[in-house]
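Here are some friendly notes to read beside the model. Keep the sequence and the 3D view open, and take the points one at a time.

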Amino acid sequence: KHPGQSWVTGGFWDENSMAGLLPDKSWLDDLCPNRPVFLSRYDVHTGVANTRALELAKIDSNSPDPFDGRIVRDPTTGTDTGLLIQKAMNIVRSKIPIPDDHERAQLLANAIEYAHSLGLTTVHDIIHDWDELEIYKKALDGNPAGLQFNIKIPIDFIDRLLAFNHDQYP
(Lines give C-alpha, C1' and ligand atoms only; values in the text may rest on other atoms or scores of the structure.)
Protein backbone atom coordinates (compact mmCIF):
# COMPACT_ATOMS: atom_id res chain seq x y z
CA LYS A 1 0.00 0.00 0.00
CA HIS A 2 2.85 2.42 0.75
CA PRO A 3 5.73 1.71 -1.63
CA GLY A 4 7.35 5.08 -0.91
CA GLN A 5 7.94 4.23 2.72
CA SER A 6 11.20 2.51 3.44
CA TRP A 7 10.04 0.53 6.50
CA VAL A 8 6.93 -1.44 7.37
CA THR A 9 6.12 -0.93 11.04
CA GLY A 10 3.18 -1.55 13.29
CA GLY A 11 2.08 -4.57 15.15
CA PHE A 12 0.11 -5.30 18.27
CA TRP A 13 0.20 -8.97 17.39
CA ASP A 14 -0.69 -11.58 19.99
CA GLU A 15 0.44 -15.17 19.66
CA ASN A 16 -2.67 -16.26 21.56
CA SER A 17 -4.72 -15.28 18.51
CA MET A 18 -2.30 -17.29 16.34
CA ALA A 19 -2.81 -20.69 17.98
CA GLY A 20 -0.01 -19.87 20.42
CA LEU A 21 2.61 -19.71 17.67
CA LEU A 22 5.25 -17.02 18.04
CA PRO A 23 5.95 -15.19 14.80
CA ASP A 24 9.23 -15.78 13.06
CA LYS A 25 11.29 -13.64 10.70
CA SER A 26 10.54 -16.15 7.93
CA TRP A 27 6.83 -15.22 8.12
CA LEU A 28 7.71 -11.60 7.45
CA ASP A 29 10.32 -12.49 4.84
CA ASP A 30 7.65 -14.38 2.86
CA LEU A 31 5.38 -11.32 2.88
CA CYS A 32 7.94 -8.55 2.51
CA PRO A 33 11.42 -9.75 1.58
CA ASN A 34 12.92 -6.50 0.28
CA ARG A 35 11.81 -3.92 2.83
CA PRO A 36 12.67 -3.94 6.52
CA VAL A 37 9.75 -4.87 8.78
CA PHE A 38 9.37 -4.46 12.54
CA LEU A 39 6.16 -5.34 14.39
CA SER A 40 5.62 -4.94 18.13
CA ARG A 41 3.64 -7.33 20.28
CA TYR A 42 0.52 -5.84 21.88
CA ASP A 43 2.32 -5.39 25.22
CA VAL A 44 5.27 -3.64 23.47
CA HIS A 45 7.80 -5.78 25.40
CA THR A 46 8.52 -8.02 22.40
CA GLY A 47 8.87 -7.41 18.69
CA VAL A 48 9.58 -9.36 15.55
CA ALA A 49 11.77 -8.22 12.65
CA ASN A 50 12.34 -9.65 9.21
CA THR A 51 15.75 -10.55 7.84
CA ARG A 52 16.21 -7.18 6.08
CA ALA A 53 15.58 -5.25 9.34
CA LEU A 54 17.95 -7.55 11.23
CA GLU A 55 20.64 -6.98 8.58
CA LEU A 56 20.29 -3.20 8.87
CA ALA A 57 20.57 -3.51 12.66
CA LYS A 58 23.53 -5.88 12.28
CA ILE A 59 21.81 -8.61 14.29
CA ASP A 60 22.65 -12.22 13.53
CA SER A 61 23.03 -15.52 15.35
CA ASN A 62 26.34 -14.38 16.82
CA SER A 63 25.09 -11.06 18.20
CA PRO A 64 25.28 -10.81 21.98
CA ASP A 65 22.13 -10.11 23.94
CA PRO A 66 22.01 -6.49 25.10
CA PHE A 67 21.70 -5.66 28.78
CA ASP A 68 18.07 -6.16 29.82
CA GLY A 69 17.12 -7.72 26.50
CA ARG A 70 17.25 -10.91 24.51
CA ILE A 71 17.66 -11.92 20.89
CA VAL A 72 15.59 -15.09 20.68
CA ARG A 73 17.33 -18.00 18.99
CA ASP A 74 16.04 -21.34 17.76
CA PRO A 75 16.92 -23.85 20.50
CA THR A 76 18.00 -26.48 17.99
CA THR A 77 19.97 -24.48 15.41
CA GLY A 78 20.92 -21.37 17.40
CA THR A 79 19.70 -19.20 14.50
CA ASP A 80 18.11 -15.89 15.43
CA THR A 81 14.34 -16.10 14.97
CA GLY A 82 13.63 -12.39 14.52
CA LEU A 83 12.01 -12.16 17.95
CA LEU A 84 13.50 -9.44 20.12
CA ILE A 85 12.67 -8.99 23.78
CA GLN A 86 12.86 -5.76 25.81
CA LYS A 87 16.03 -3.73 25.07
CA ALA A 88 16.92 -5.93 22.09
CA MET A 89 14.07 -4.22 20.22
CA ASN A 90 15.90 -0.90 20.49
CA ILE A 91 18.68 -2.19 18.24
CA VAL A 92 16.19 -2.41 15.35
CA ARG A 93 14.08 0.58 16.39
CA SER A 94 17.16 2.81 16.24
CA LYS A 95 17.35 2.13 12.48
CA ILE A 96 13.74 3.13 11.73
CA PRO A 97 13.62 6.64 10.24
CA ILE A 98 11.72 9.18 12.33
CA PRO A 99 8.94 10.85 10.33
CA ASP A 100 9.05 14.63 9.98
CA ASP A 101 6.28 16.80 11.45
CA HIS A 102 4.27 16.82 8.22
CA GLU A 103 4.37 13.02 8.02
CA ARG A 104 3.49 12.71 11.71
CA ALA A 105 0.48 15.01 11.24
CA GLN A 106 -0.66 12.98 8.22
CA LEU A 107 -0.25 9.71 10.13
CA LEU A 108 -2.26 11.13 13.03
CA ALA A 109 -4.96 12.43 10.67
CA ASN A 110 -5.18 8.95 9.13
CA ALA A 111 -5.48 7.40 12.60
CA ILE A 112 -8.22 9.88 13.54
CA GLU A 113 -10.14 9.05 10.37
CA TYR A 114 -9.76 5.34 11.08
CA ALA A 115 -10.91 5.74 14.70
CA HIS A 116 -13.95 7.62 13.48
CA SER A 117 -14.72 4.90 10.92
CA LEU A 118 -14.86 2.42 13.81
CA GLY A 119 -17.45 4.54 15.58
CA LEU A 120 -15.16 5.96 18.24
CA THR A 121 -16.27 9.33 19.59
CA THR A 122 -13.44 10.17 22.00
CA VAL A 123 -9.69 9.63 21.91
CA HIS A 124 -7.37 9.83 24.92
CA ASP A 125 -3.66 10.51 24.54
CA ILE A 126 -0.69 11.63 26.61
CA ILE A 127 1.81 13.97 25.02
CA HIS A 128 5.40 14.07 26.21
CA ASP A 129 6.72 16.86 24.05
CA TRP A 130 5.16 20.24 23.32
CA ASP A 131 5.71 19.69 19.59
CA GLU A 132 3.17 16.84 19.76
CA LEU A 133 0.46 19.42 20.48
CA GLU A 134 1.43 21.21 17.25
CA ILE A 135 1.15 17.87 15.41
CA TYR A 136 -2.37 17.50 16.81
CA LYS A 137 -3.24 21.02 15.65
CA LYS A 138 -2.11 20.21 12.11
CA ALA A 139 -3.85 16.82 12.06
CA LEU A 140 -7.09 18.25 13.43
CA ASP A 141 -7.26 21.16 11.03
CA GLY A 142 -11.03 21.33 10.66
CA ASN A 143 -11.43 17.98 12.52
CA PRO A 144 -13.72 16.50 9.87
CA ALA A 145 -14.20 13.38 11.98
CA GLY A 146 -15.72 15.41 14.82
CA LEU A 147 -13.95 13.37 17.50
CA GLN A 148 -13.46 14.64 21.02
CA PHE A 149 -9.92 14.60 22.42
CA ASN A 150 -8.75 14.23 25.99
CA ILE A 151 -5.06 15.05 25.84
CA LYS A 152 -3.00 14.80 29.01
CA ILE A 153 -0.19 17.33 29.14
CA PRO A 154 2.70 17.25 31.65
CA ILE A 155 2.45 19.87 34.40
CA ASP A 156 5.80 21.25 33.19
CA PHE A 157 3.89 22.73 30.25
CA ILE A 158 1.28 24.60 32.32
CA ASP A 159 2.51 28.11 31.43
CA ARG A 160 2.69 27.27 27.72
CA LEU A 161 -0.73 25.63 27.88
CA LEU A 162 -2.33 28.67 29.50
CA ALA A 163 -0.75 30.93 26.86
CA PHE A 164 -1.84 28.52 24.13
CA ASN A 165 -5.43 28.45 25.40
CA HIS A 166 -5.51 32.23 25.67
CA ASP A 167 -4.19 32.61 22.09
CA GLN A 168 -6.69 30.06 20.74
CA TYR A 169 -9.69 31.07 22.83
CA PRO A 170 -9.30 34.70 24.03
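**Notes on the model**

1. Let's begin with strand β3 (residues 46-49), where T46 and V48 point one way and G47 and A49 the other way, and all are buried. Buried means under 20% relative accessible area, exposed means over 50%, and partly exposed is in between, using a 1.4 Å probe and protein chains only. Helices (H or I, at least four residues) and strands (E, at least two) are DSSP runs, numbered from the N terminus.

2. Before going further, a word on what you are looking at. This is a predicted model, in which local features need pLDDT of at least 70 and side-chain atom pairs count only at pLDDT 80 or more, while totals for chains, interfaces and linings use all residues. Residues are numbered from 1 along each chain as its sequence is written, and side-chain values use heavy atoms, with hydrogens and water left out.

3. Which strands pair with β3? One is β2, joined to β3 by three bridges in an antiparallel run; another is β5, also antiparallel, over three bridges. Two strands pair if DSSP finds at least two bridges between them. In the hairpin of β2 and β3, four residues lie between the strands, and V44 takes a positive phi near 55°.

4. Now zoom out to the sheet. It is an open sheet of five strands, in the order β1-β2-β3-β5-β4, with mixed pairing. β1 (8-13) and β4 (69-73) stand at the edges with a single partner strand each, so one side of each is left without a neighbour in the sheet. On average, neighbouring strands of this sheet are turned by 25° against each other, direction ignored; the axes are lines fitted to C-alpha atoms, for helices over the stretch in contact, and angles run from 0 to 180 degrees between N-to-C directions. The pairing of β4 with β5 (residues 80-86) is antiparallel, over four bridges, and G69 has Q86 as its bridge partner in β5.

5. Is S40 buried or exposed? S40 sits in strand β2 (residues 37-41) and is buried, because its relative accessible area is 10%. Leaving aside neighbours within four places in sequence, S40 is in contact (heavy atoms within 4.5 Å) with G10, G11, F12, W13, T46, G47 and R93.

6. Next, look for the nonpolar cores. A nonpolar core is a set of buried Ala, Val, Leu, Ile, Met, Phe, Trp, Tyr and Cys residues joined through side-chain atoms within 4.5 Å. The largest has 14 residues, of which L108, I112, Y136 and A139 touch the most other members. Helices α4 (101-117) and α5 (130-139) each supply at least two residues of this core. Not counting residues up to four places away in sequence, A139 touches A105, L108, A109 and I112. A second, separate core of 12 residues includes A53, L54, A57 and M89.

7. How many aromatic pairs does the structure hold? There are two. Rings of Phe, Tyr and Trp (its six-membered ring) pair if their centres lie within 6.5 Å; planes under 30 degrees apart count as stacked, over 60 as edge-to-face and the rest as tilted. The rings of W130 and F157 have centres 5.7 Å apart and planes at 70°, so this pair is edge-to-face. W130 lies in helix α5 and F157 in the loop between β7 (148-152) and α6 (158-168), so the pair ties together parts that are 27 residues apart in sequence. Both W130 and F157 are buried.

8. The rings of Y136 and F149 have centres 5.7 Å apart and planes at 75°, so they too are edge-to-face. This pair links Y136 in helix α5 with F149 in strand β7, 13 residues apart. Y136 is buried, with a relative accessible area of 6%, whereas F149 counts as partly exposed because its relative accessibility is 23%.

9. Finally, visit H124 in strand β6 (residues 122-126). H124 counts as exposed because its relative accessibility is 58%. The side chains of H124 and N150 are joined by a polar contact of 3.0 Å. A polar contact is a pair of N or O atoms within 3.5 Å; within protein, one must be able to donate a hydrogen and the other to accept it, and residues adjacent in sequence count only if both atoms are side-chain atoms.
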